[in-house]
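Reader: I would like to learn how to read a model of this kind, feature by feature. Please give the general idea each time where there is one, and then the case at hand.

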Amino acid sequence: MLVLWKMKYMKLSVGLKVANSLSLTPQLQQAIRLLQLSSLELEQEIQIQLDSNPLLEKIEEESVTESLAALENKESDDLTTELNADHLPDDLPVDTEWDDVYTHQSTALATPEFEEREDNRQVQLSLKEHILEQVNLLNFSKIDQLIAYCIVDALDDKGFLDAEIEEIILAAQQLLNEMDIEEEIEEDEVLVVLKHIQRLDPLGIGSRNLAECLKIQLEFLPKDVEYLNEAKNLLQYYELLIANDLNKLLKQTGLTKDQLKFAINLLKTLKPYPGMDFDKQESDYQIPDVVVSKKDLHWQVQLNPDVLPKLRINSFYSSMIRRADQSEDNLYLRNQMLEAKNFIKSIDERHKTLLKVASCIVEHQKAFLEIGPEAMKPLVLRDVAEEVELHESTVSRVTTNKYMLTPRGLFELKYFFSSHVGTTAGGEASSTAIRAMIKKLVANENPRKPLSDNVIATLLKDEGIEVARRTVAKYRESLHIPSSSERKVLI
């Protein structure tokens, strides 16, 4: 009864309430997505939009268009002059297609800047293709050839055999069974075929370890090479050689210090990984998004004009849009017009944000541009975000996969951010600068008495940088610098 009484006297009312809320509109989502794209990914995204939206078009170079128009007018004038002449030339102009007469030279018919030549570059074979070509020239039986194919298939990128002999036998035996060939493959057959392959080009291919690879290469050196026998003797103590335990090597081999030094130098002339020359991975070329240069004692930051997209609204299709028309075709053109405008606006905002963040980074890292990595200042995303009045996540997106070309080289924008370490003077030092100092100390050390991590920490402390030994070890390992015992060499 109490519930019914309350419901009876409840009143309905209409009122306004103000509340803040954040919603990601499609335009905002598109702007965020474009912000984190690299220059290559952005180019692909633009091409997708150009293919799907007829209202969006790419601005062609005006100079090229004007040159083509001038060329057409010139040809028309020449044709009129020839037809109005008193006599006809021997070669009359004929109707042709543009593609039939166009060559890769300037539109003004000037002398081409580069001589046009046939592209006779050869595609480099992969390691396995190179070895198989040589295997096919050997006088192998069908079974031995099959074993050779199984061996080549088991090669890794370094050119070593990445399989046990038993696995090669099993793989070859299975292929024989599938071919209905009743033949038992023995271990000696595989070893003989492997020995032939190891003596193909490059020498040592198919070796099972580094010592075997170097030994094969030593066998093919001329007999009169100095310290050849000493180098072969060293390979018998392969573990000590890899560990760079020079004192034990001197005791075990019975060599003098000079003999050991020259024998090691001979081994260094060999190829430890014969397959590395056939690495077909393409070089990872990066296109800079921002270019930094110094003019009149001031550092200038500008976007790379070569990667800036030149887009506009297609005037022909936009002129077909009628304001009061609600037809399906007109609505389609309106929607495409809106999408094209939003896309161009998002591209523009992306570049403005990129330029703003890059300019802030350069302002903080002028010392790096002037001196080098040792002068890198500590910088975190929060510092830049507060200065350019953006969120940290936005700064993170705009600095990912974006590259800056400076007089000191090409760097990802993320490179300029680093943590800091305290100094004895109460200041801060960038971890990037500390790494550069460690690298410089190691480069100038005595190879016979390399600097330990403790010594490096002490030297850094003398420079006013408080850093622990384990921190030095962490930075050294990040630079791929071996420990002091591994860096020790004979002089």
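Predicted model: local features only at pLDDT ≥ 70, side-chain atom pairs only at ≥ 80, totals over all residues.

Reader: What is the value of phi at His480, and is His480 buried or exposed?

Author: The general idea is that most residues other than glycine have a negative phi, and most peptide bonds are trans. The phi of His480, however, is positive, near 60 degrees, in a residue that is not glycine. With a relative accessible area of 72%, His480 is exposed, exposed being the term for values over 50%.

Reader: Which residue in the loop between helix H19 (392-398) and strand S5 (403-406) can be read in that way?

Author: That loop holds Asn401, which has a positive phi of about 60 degrees although it is not a glycine. Asn401 is partly exposed, its relative accessible area being 35%.

Reader: Where does a cis peptide bond occur?

Author: A cis peptide bond, with omega about 0 degrees, joins Asp201 and Pro202, and Pro202 is placed in the loop between H9 and H10. His130 counts as buried at 17% relative accessibility, and Gln134 is buried with a relative accessible area of 17%, because the cut-off for buried is under 20%.

Reader: How should I read a nonpolar core, and which residues of the largest one touch the most other members?

Author: In soluble globular proteins, nonpolar side chains tend to be buried together. Here the largest nonpolar core has 28 residues, of which Ile131, Ile147, Ile151, Ile168, Ile185, Val190 and Ile197 touch the most other members. At least two residues of this core are supplied by each of helix H6 (127-135), helix H7 (142-153), helix H8 (165-178) and helix H9 (187-198), and the largest share, seven residues, comes from H7. Another core, of 26 residues, lies apart from it and includes Leu35, Val292, Val357 and Phe416.

Reader: With which residues is Ile168 in contact?

Author: Leaving aside neighbours within four places in sequence, Ile168 is in contact with Ile147, Cys150, Ile151, Ala154, Leu161, Ala163 and Val190.

Reader: Where is Tyr237 placed, and which residues does it contact?

Author: Tyr237 is in the loop between H11 and H12, and, leaving aside its neighbours within four places in sequence, it is in contact with Leu249, Gln252 and Thr253. Tyr237 is partly exposed, with a relative accessible area of 23%.

Reader: Is Tyr475 buried or exposed, and which residues does it touch?

Author: Tyr475, in helix H22 (residues 469-478), counts as buried at 4% relative accessibility. Not counting residues up to four places away in sequence, Tyr475 touches Val421, Ser431, Ile434, Arg435 and Ile438. From Tyr475 to Lys439 there are 36 residues in sequence, and 9.4 Å in space from C-alpha to C-alpha.

Reader: How many cavities of 30 Å³ or more are found in the whole structure, and which residues line the largest cavity?

Author: The search finds one cavity of 30 Å³ or more, and the largest cavity has a volume of about 50 Å³. Its lining consists of Ser39, Leu42, Asp289, Leu303, Val307, Leu308, Arg350, His351 and Leu354. Helix H3 (39-52) and helix H16 (328-364) each supply at least two residues of that lining, with the largest share, three residues, coming from H16.

Methods: Residues numbered from 1 in each chain as written. Heavy atoms only, no water. Core = buried A, V, L, I, M, F, W, Y, C linked by side-chain atoms within 4.5 Å. Buried < 20%, exposed > 50% of the residue type's maximum accessible area, 1.4 Å probe, protein only. Helix = DSSP H or I, 4+ residues; strand = E, 2+ residues; numbered from the N terminus. Contact = heavy atoms within 4.5 Å. 1 Å grid on protein atoms, 1.4 Å probe; cavity = no way out; pocket = protein on both sides within 12 Å on 5 of 7 lines; lining within 4 Å. Points joined across faces, edges and corners; volume = space filled by probe spheres on them.
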